[in-house]
Amino acid sequence: MKQEGTYLSKEATVKWMLDCWLPDLFIKSAQKYSLMFSLDKEGLDYPTNNDWWLPHFGERVVTPLERAWRWVYEQVNTTQTRFHNPDGIDPRGAQNSENASNWFHTDQLPSWSGLQSNLNTSVELLADCRNKKYQRELAPELINSFRVVLFFARMSTDIFRRITDAYGTGYAKKLTQQVKAQNRRLTKFHRKVKIDLEARLANVAFKDENHARRSWRDEASAFWSNYSTKLIRDSQVMQEMECFQAEEPLSITDAKKLLTQFDPFFISMTIRQKRYAPDNSQLTFLTLYMQGLELQKRRDLTASELENYQALVVENGFDDELRWLVEWLLATRCSRSDEHNAAYEHYKRAFEFSKYQIGKEKYLLVNDFAAACAKNNKWREFKKLISWANHNAIPVRWHRGFDDSEEAVRMAFEIFKRT
C-alpha cells in the first residue's frame, strides 16, 4: 500500500480496504501461519465456534471479548460471578466481577494489562476459595489458552468498535457476515491442504520432533508461496474474462462458471474489488491528477494557469482530494521565485494533506519539503520528516536512510541548505 495512491478521503480509503482485501489478508495470514506452525498441536484450547473472534449481532451486540469470557466460564464450569469472586467476600473479586459486567454492557474496553490482571487474580481466588463447591485448580496450559483467546478477543472488539464508530452498526454487521463467509471458505480449503501435506510427509523418516516440525513448516510455506503465485496469475486471467470486462454485475451463471476455475475465497475477494471499477467521476479525478503533475514539471508555470487548475479542481468536487497537489504547485512556484518562507508553508500543507493519499509521488514531494525545511532552518521539522520518510521507506536525498544518527541527519540538513 505504501506505493499506491487514492482519490478517496482517508475514511473512504479505509472503507475500501475493509471491503476489498484487508479482512481477507488477515484471515489468510491467520490460517496460513496456524497451518505452518501446527498450532493445533500446541495444546491450546479455544472455542469450537469458528467465528468466536467476531461480534454477534442479535437483540444486542455481543462483543468478541464477552464471547471469550463466556467460553472461559464454560471451561471452568462456573458462573461469571463465581469465576471472578468465588467466595463472594474478597474486594478484589467483587471489583473484577463488576469490571467484567462493565466490559459486557458498556463501551468500556479494558487495557491488556487490566485484562491480564483480572484473569490472574480470578484464577488465584478460585484456587484459594474456601468453599469446595466453587474452588477450581486450573492447569497452566488452560490458563495460557485463556490468555491467548482473551488477547485476540480484545483486539477484535477494539477493531470492530472503531469500525462501528466510523461507519455504523449496519456496515459492521455486513462486514462481519463477509468475514464469516470468507473464514468458512478458507477453513474448508485448508482442510484439504492439511490432508495433502500429511499424505506427502506420511512416509518420511524424521530424525526427531524438531525435524518433523521444520519439514512441515517448509512444506506449508512452499504451498503458500506457490498459491500466492497462482493468485497473481489467476487474477490476471479473471480480469481478462468477458464477465469482468462488462460493466454490469456478475450473473449467477457467470459466478458458477468462475467456480469451475477458481477457489471460492479468491472469487469472493475479486468480485468485491470489481464493484470499485472506475466510473466517470474517478476518470475525471485521474485526468485532473495527471494534469496537475504535468503542471508541476513546468518551469514556466504562470499564476493564471495555477488559478485555472485550482478552479477546475473545485468545480469537479475534488478540492479535498487534490488540495495537496494544488499546495504543491503553489510551493513549487514560490520556490522557483526564491520565496522560500512562503514555499515552506505551502510544502508543509501539501505534505500533511498528501500523507495517506498519494503513492510514488511521495518521493518528490518529501524531498521538496525536506529542502524547504533546510532553507528555512526548520531543524525540528526536518528531523520529524526524515523519521517519517525512513519509516515509510522513502529515500531522502543526502541521507537515504542508511544512518539514523543525529550527525547524519544534520549533515543532510546542511547539504540541503546549500543546494
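Salt bridges, cores and ring pairs

Visitor: What do the side chains of Asp87 and Arg130 meet in?

Guide: A salt bridge, 4.0 Å from N to O. The term means a side-chain nitrogen of Lys or Arg within 4 Å of a carboxyl oxygen of Asp or Glu. This is a predicted model, where local features need pLDDT of at least 70, side-chain atom pairs count only at pLDDT 80 or more, and totals for chains, interfaces and linings use all residues. Residues are numbered from 1 along each chain as its sequence is written, and side-chain values use heavy atoms, with hydrogens and water left out.

Visitor: Where do Asp87 and Arg130 lie in the chain?

Guide: Asp87 is in the loop between helix 4 (80-84) and helix 5, and Arg130 is in the loop between helix 6 and helix 7. They are 43 residues apart. Helices here are DSSP runs of H or I, at least four residues, numbered from the N terminus.

Visitor: Is Arg130 buried or exposed?

Guide: Exposed, with a relative accessible area of 63%. Asp87 is partly exposed at 28%. Buried means under 20%, exposed over 50%, and partly exposed in between, using a 1.4 Å probe and protein chains only.

Visitor: How many salt bridges does a search of the whole structure find?

Guide: 19. One of them joins Asp24 and Arg272, with the closest N and O atoms 2.9 Å apart. Asp24 sits in helix 2 and Arg272 in helix 12, so this pair ties together parts 248 residues apart in sequence.

Visitor: Are Asp24 and Arg272 buried or exposed?

Guide: Both are buried. Arg272 also has Asp19 in contact, meaning heavy atoms within 4.5 Å. Asp19 lies in helix 1 (residues 10-20) and counts as buried at 10% relative accessibility. Beyond its neighbours within four places in sequence, Asp19 also contacts Tyr171, Gln178 and Tyr276.

Visitor: New topic. Which residues touch the most other members of the largest nonpolar core?

Guide: Trp69, Phe83, Leu138 and Phe146, in a core of 53 residues.

Visitor: What is Leu138 in contact with?

Guide: Val76, Val123, Leu126, Ile143 and Phe146, leaving aside neighbours within four places in sequence. A second, separate core of 43 residues includes Cys334, Tyr344, Phe369 and Trp388.

Visitor: And rings? How many aromatic pairs are there?

Guide: The count comes to 27. Rings of Phe, Tyr and Trp (its six-membered ring) pair if their centres lie within 6.5 Å; planes under 30 degrees apart are stacked, over 60 edge-to-face, the rest tilted. Phe189 and Phe223 have ring centres 6.1 Å apart and planes at 40°, so they are tilted. Phe189 is in helix 8 and Phe223 in helix 9.

Visitor: Which residues do ring pairs link into a cluster?

Guide: Phe285, Tyr289, Phe318, Trp324 and Trp328. Trp324 counts as buried at 2% relative accessibility, and Tyr289 does at 16%.

Visitor: Which ring does the charged end of Arg82 sit over?

Guide: The ring of Tyr134, 3.9 Å from its centre. The rule asks for NZ of Lys or CZ of Arg within 6 Å of the ring centre and within 35 degrees of the ring normal. Arg323 sits likewise over Phe353, 4.9 Å from the ring centre.

Technical notes. Core = buried A, V, L, I, M, F, W, Y, C linked by side-chain atoms within 4.5 Å. Helix = DSSP H or I, 4+ residues; strand = E, 2+ residues; numbered from the N terminus.
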